[in-house]
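Keep the 3D view open while you read, and look up each residue as it comes along.

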Amino acid sequence: MIRVHPSGLRSIGVITKLDLMDEGTDARDILENKLLPLLRGMQQKDIDGKKDITAALQAERKFLSHPSYRYLADRMGTAHLQKVLSQQLTNHIRDTLPGLRSKLQSQLLSIEKEVAEYKNFRPDDPGRKTKALLQTGLFTPNMAFETIVKRLIAQTKEPCQKCVDMVIVELVNTVRQCTQKVLICGSRLW
């Protein structure tokens, strides 16, 4: 399976077991980075759990000394792959280190500011007490608050429903009384 970074920036092709190719097949287009172009190029690597490293390196040198691939030998092989990966790691560290340094410096300044606040700490300072109250659980986390509110709503639901029912009954009675008075007054006028 071939997976490639969309822009090719983070992909290095590694071709394994080229020495097992059928007689007459040619891997130059792949090794020259023509078949599947990658910005970081292609590498040939013999990965075989049965060969020791020395034997694998010898087989690799022999394969790369073949006339068809000799001109690629300085850009292929385990040593070149190690150099490329080492360079990639160095570049990544170089690129990310300034951002990491900036983030750490920002965190350090924040911690130093907090430490400085404690140097002049007076437990009897009313401003300090207010700040401590605002930071030490005066406000409960959302899930706990939601749970408490739901429980309280459930407890008040039945009394509220009874109150609404009583208001409806009272309104119906008031409308009936008003209707009867209007009918009585209206019949006197006729």
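Helices here are DSSP runs of H or I with at least four residues, and strands are runs of E with at least two, numbered from the N terminus. This is a predicted model, in which local features need pLDDT of at least 70 and side-chain atom pairs count only at pLDDT 80 or more, while totals for chains, interfaces and linings use all residues. Residues are numbered from 1 along each chain as its sequence is written, and side-chain values use heavy atoms, with hydrogens and water left out.

**Salt bridges**

Let's begin with helix H5, where Lys162 and Glu158 sit 4 residues apart, about one turn of the helix. Their side chains meet in a salt bridge, a term for a side-chain nitrogen of Lys or Arg within 4 Å of a carboxyl oxygen of Asp or Glu. Helix H5 covers residues 142–189 and also holds Glu146 and Lys150, again 4 residues apart. By this rule the count comes to 3 salt bridges, and here they are:

| Salt bridge | N to O distance |
|---|---|
| Asp95 and Arg94 | 3.4 Å |
| Lys162 and Glu158 | 3.6 Å |
| Glu146 and Lys150 | 3.7 Å |

How open to the outside are these residues? For the labels, buried means under 20% relative accessible area, exposed means over 50%, and partly exposed is in between (1.4 Å probe, protein chains only). Glu158 is exposed because its relative accessible area is 52%, whereas Lys162, at 49%, is partly exposed.

**A nonpolar patch**

Which residues form a nonpolar patch on the surface? They are Leu89, Ile93, Leu97, Leu100 and Leu104, with about 470 Å² of accessible area together. Such areas come from the Shrake-Rupley method with a 1.4 Å probe, and for residues only the protein chains shown count as cover. A patch is made of residues with over 30% relative accessible area and no salt bridge; like charges are joined within 9 Å, and nonpolar side chains (Val, Leu, Ile, Met, Phe, Trp, Tyr) within 5 Å. Leu89 is found in helix H3 and counts as exposed because its relative accessible area is 51%.

**The loop between H2 and H3**

Is Gly77 buried or exposed? Gly77 is buried, because its relative accessible area is 1%. Its place is in the loop between H2 and helix H3 (78–119). The C-alpha atoms of Gly77 and Glu60 are separated by 6.7 Å, although the two are 17 residues apart along the chain. Arg75 lies in the loop between H2 and H3 as well, but Arg75 is partly exposed, at 38%.

**The largest pocket**

Finally, look for the largest pocket, which is lined by 14 residues; Met21, Thr25, Phe63, His66 and Tyr69 lie nearest its centre. Helix H2 (residues 53–64) gives the most to this lining, with 3 residues. By class, the lining has 5 nonpolar, 4 polar and 5 charged residues.

Notes. 1 Å grid on protein atoms, 1.4 Å probe; cavity = no way out; pocket = protein on both sides within 12 Å on 5 of 7 lines; lining within 4 Å. Nonpolar A, V, L, I, M, F, W, Y, C, P; charged D, E, K, R; others polar.
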